[in-house]
Amino acid sequence: FLMFGGKGGVGKTTIASELKKQLEARGQRAHLVDADEVRASYQKPLGFSREDIRENNRRHALMAQEKLKDNDLVLVAIVSPFAADRTMVREMLGQSFILIYVNAALETVIHRDTMGLYGRALRGEKDDVIGMTGSKIPYEPPDNAEIEIKTDQTSVDASVEKIINYLRDQTNL
């Protein structure tokens, strides 16, 4: 189980998608858990309260556990802003859990702004952009990630290669 954690717009899904393609090209069965799929698979919709964020992490872990039955690897791209929630997921998944911290300077993600969230926050239209200065939701960077990828310094291909090398060295995959 690979959890790609980091602020919005850092490249979590981009890297996870490319990794999935490369793993499948090598004959591995990999499943990318889509955040929208997780949110849609439960009747109770979630917002961005502290409790809802924790529940969203728990739901992702449960879906990953289910998908691990039929796959060699499950990849989850999720913001997961709180250390306690990442610890909960690590405990749920045990030895199979690998945290990949996808990181970039805030200026870089503001410039990319792939979802328009940072622009809305800068205009004062949104106060829950995780990790944004003045946001009501902080981002707690992990201090226990197995891998850190700095997308403002590393290409997608180099990032995927780093992950594959880690998997080869640590899991014999």
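First, some ground rules. This is a predicted model, where local features need pLDDT of at least 70, side-chain atom pairs count only at pLDDT 80 or more, and totals for chains, interfaces and linings use all residues. Residues are numbered from 1 along each chain as its sequence is written, and side-chain values use heavy atoms, with hydrogens and water left out.

A pocket here is an open set of points on a 1 Å grid over the protein atoms alone, where a 1.4 Å probe fits, with protein on both sides within 12 Å along at least five of seven lines; lining residues have an atom within 4 Å of a point.

Other elements supply at least two each, including strand S2 (30-33), strand S3 (73-78) and helix H7 (156-171). Helices (H or I, at least four residues) and strands (E, at least two) are DSSP runs, numbered from the N terminus.

By class, the lining has 17 nonpolar, 13 polar and eight charged residues. Nonpolar means Ala, Val, Leu, Ile, Met, Phe, Trp, Tyr, Cys and Pro; charged means Asp, Glu, Lys and Arg; the others, Gly among them, are polar.

Now, H1 also packs on H7, at an angle of about 60 degrees with the axes 9 Å apart. Axes are lines fitted to C-alpha atoms, for helices over the stretch in contact, and angles run from 0 to 180 degrees between N-to-C directions. That makes H1 oblique to H7, since under 35 degrees is roughly parallel, over 145 roughly antiparallel, 65 to 115 roughly perpendicular, and the rest oblique.

Who touches whom? On the H1 side we have Thr 14, Ile 15, Glu 18, Leu 19 and Gln 22, and among their H7 partners are Val 160 and Ile 163. Contact means heavy atoms within 4.5 Å. This contact has six nonpolar, three polar and two charged residues.

Arg 26 touches Ile 164 and Arg 168, leaving aside residues up to four places away in sequence. Its C-alpha is 10.0 Å from that of Leu 173, 147 residues apart along the chain.
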